[in-house]
Amino acid sequence: MADTMLGSTGGELPAKNVTGMTGTGAAEAVVCYSPMMVTTYGIWQGVSPLEFSLPLFILQTAIIVGTTRLLVVLLKPFRQPRVIAEILAGVILGPSLMGQVGTWAGTVFPLRSLLTLETVAHLGLLYFLFLVGLEMDVNVIKRSGKKAVIIAVAGMALPFCIGTATSFIFRHQVSKNVHQASFLLFLGVALSVTAFPVLARILAEIKLLNSDLGKIAMSAAIVNDMCAWILLALAIAISEVNSTPFSSLWVLLSGVAFVLACFYVVRPGMWWLVRRVPEGETISDVQITLILTGVMIAGVCTDAIGIHSVFGAFVYGLVIPSGELGVVLIEKMEDFVTGLLLPLFFAISGLRTNLTRVRDPTTVGLLVLVFVMASFAKIMGTILIAISYTMTFRDGVALGFLMNTRGLVEMIVLNIGRDKQVLDDESFAVMVLVSVAMTALVTPVVTTVYRPARRLVGYKRRNLQRSKHDAELRMLACVHTTRNVPSIISLLELSNPTKRSPIFIYALHLVELTGRASNMLAAHHTAGNQGASEHIFNAFENYEESVGGVSVQALTAVSPYQTMHENVSVLAEDKHVSLIVLPFHKQQTVDGGMEPINPNLRGFNESILAAAPCSIGILVDRGISAATARMASVHHVALLFFGGPDDREGLAYAWRLVENPGVCLTIIRFIPPGYTPPPPAATMTPPAVAGSRAITIVPDIPRTERQMDEEYLNEFRSRNVGNEAILYAEQVVANSEETMAAIRNLDNAHELYIVGRQPGDESSPLTSALTEWMESPELGPIGDLLVSSEFSKMVSVLVMQQYVITAAQPAGMAPVVAAQAGPTIADDPVRQYLTNANQRSPMSGGGRGVWGGGF
């Protein structure tokens, strides 16, 4: 069995397993390995498994991935990106720390094993750069605008110039062991890049992805990343120490030809492949295999040209059309590549980082100075450009630090520079650590410095009851999949959008953040986005064009489901939204049952119910989106009214619906036996003191929930006298069983039921027993009953929750809802008159009282 010798000599040794030796006159260690010793014979043969390449590689991979995940967990409270943990894991496992233990270095990470580890790591890097190119939308550069392009160019040109100038001044101290011109070129590229994937994850982590600052930073980072790859290709072509000028020229020309071939030969071929796939079907496994094989072919081509193989994989990924093909490729590859293979590359960078080689304090100090000067130039350049575009100084500083994010691209540049002997071990180790330090600073500095413009606090229309029924309605519709769109549009059609009472709808496509740049690049422009967002936004835009009185703004929120409710709440407050519409976490099956769509949606709905700054409606689609229902000339809607703020909010929304001439509304009020309407609230006036000139401030007497129910119902009745489309009925029920029976006995004509999430008092006997058997607490007892399998009717349900503010009240009084229907009755003589005029005598006995003909 012949052992092949790797290193500076490149010859062969006799059949002997040599783990390491120093060649005579050689500058490096000569490492030999046995190509046949792949799998072990077993520990019972008396042979250590770690002497064989496969068991050793498996152990190394497990240790690297385990250490990386542990560091990710430890650094999570500090909100550090994963790249920091991956690089630090390599430094810890490498010669700087664990490598100082002789047994560890010789057994777990011996020199002979690094060839296998590095090969697999570069294969993972190849496919990761393919995914980065796949996720990056070339059209973003075209539509990113002049502002982002100028910020990107300034963020590259200034650090490149200042970094290389500073290095040139101190060239005899900094680059004393390497080719100086090549060193300056690689250093300039390393100092000027912005790590787009790392930046996207940082922005998502600190909730700035959808902010103006985040959008500018993302667009500029994409432009910067594109330019960085071009500069890297130039640097590799020019930096060959022994190359002639003509060979560098041939490398550049061949690289340009490769890029042109990818865009003008491969890209049309991919489009042809996409068009051949029938609608509704996915790409076949054979086609996916051929595309993934193309990644390696592209890498071989650029490696043969003289540019690094990752450049070919990146360009190849750029030309793959985004959309269904891109989504399939990402879903099949990304978890394996980013979770298992990519940490190996960062571990290799850490294993190469030997801090014990850092001995010259002058070199270290000057390298740090060069890095700091370049970073200062990038930050100051970004600040000046930002200020020239009327951004604040704080925003400029935050943007400058965001553009100073380091990561994968810089690690690639440094590794290539070290492989080509442009960087020595000392320079490499210092620059890796400084890059980690710079990236670690980004999150704390940005969260400290960036203070978004204060939102307009205290906008009044946080619920529908406070708004006029015919005023403009600002609604935020959350959409998870394309199946949610028809039901929301059907609800909009019922909501009577007219030019006199318009609806501003913010269609928010919620995308789960899985650490992928593809999710963060969910573009809102239909020109370049072929995924689900395009279909969703097109549907809303078509509806906007066909109906007057509706204005649609399409947005995308990218976040983990655990924190997605925060993004929705911030957006709702920024847009002064009165109602958030959420789709139910279950969808209807063919047999009429309900099945969960995504287990995370239920938790999201519960979180937004607890944290929203306005009212919420959960829409359960059980036929409202069907074509027959939408084409009907008359729509029958029923409101089940038990009392309380949520039911009043349902009445407020029903009030808006009934303005639609095609809607017939039935209001069914459930009351206990012997119910007596409470007297109207009055304002206590203290007796006047004779001769007193003091101004007396009289506080309002808090109103009970029953009083507010009666007031709002009476106001609704008085405003709709003579409206034939409204039917009012009262149902007397004594307990939950009678309530359930009464609801089941309702006729089948209604296609939408509106209910409050918390009907009446929590301890009310009318609903208390139903609360104990709820399967979906987010719907409340009545909503849960209407969508349960026990309820035979297939009806759609809108569950309303009113935004309320609880205030302190005197002891013995019922809870006060401060964010309720505007001024008190005593302050409004018209409402006082209407309330007094419409007081009804209490009903006696059971059964149902019906007022037809619009009260």
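Colleague: Leaving aside its neighbours within four places in sequence, which residues is Ile412 in contact with?
Modeller: Bear in mind that this is a predicted model, where local features need pLDDT of at least 70 and side-chain atom pairs count only at pLDDT 80 or more, while totals for chains, interfaces and linings use all residues. Residues are numbered from 1 along each chain as its sequence is written, and side-chain values use heavy atoms, with hydrogens and water left out. Taking contact as heavy atoms within 4.5 Å, Ile412 touches Leu125, Leu129, Trp229, Leu232, Val310 and Phe345.

Colleague: How many residues of helix H16 are buried?
Modeller: Helices (H or I, at least four residues) and strands (E, at least two) are DSSP runs, numbered from the N terminus. Buried means under 20% relative accessible area, exposed over 50%, partly exposed in between (1.4 Å probe, protein chains only). H16 covers residues 393–403, and its buried residues include Asp395, Phe401 and Met403. The helix is mostly covered, and of its 11 residues the buried ones number nine.

Colleague: Is Phe246 buried or exposed?
Modeller: Phe246 sits in helix H11, which spans residues 245–276. Since its relative accessible area is 62%, Phe246 counts as exposed.

Colleague: How many disulfides are there?
Modeller: A disulfide needs a pair of cysteine sulfur atoms within 2.5 Å. By this rule the count comes to zero.

Colleague: Then how far from Cys262 is the nearest cysteine sulfur?
Modeller: Cys262 is buried, because its relative accessible area is 4%. It is in no disulfide, and the nearest cysteine sulfur, that of Cys301, lies away by 8.1 Å.

Colleague: What is the relative accessible area of Cys664?
Modeller: This cysteine is neither buried nor exposed by the cut-offs, so it goes in the middle class. Cys664 is partly exposed, at 26%.

Colleague: And what share of the protein chain do buried residues make up?
Modeller: The chain has 30 helices and 17 strands. Among contacts between residues at least 6 apart in sequence, 80% join residues at least 24 apart. Of the 855 residues in the chain, the buried share is 53%.
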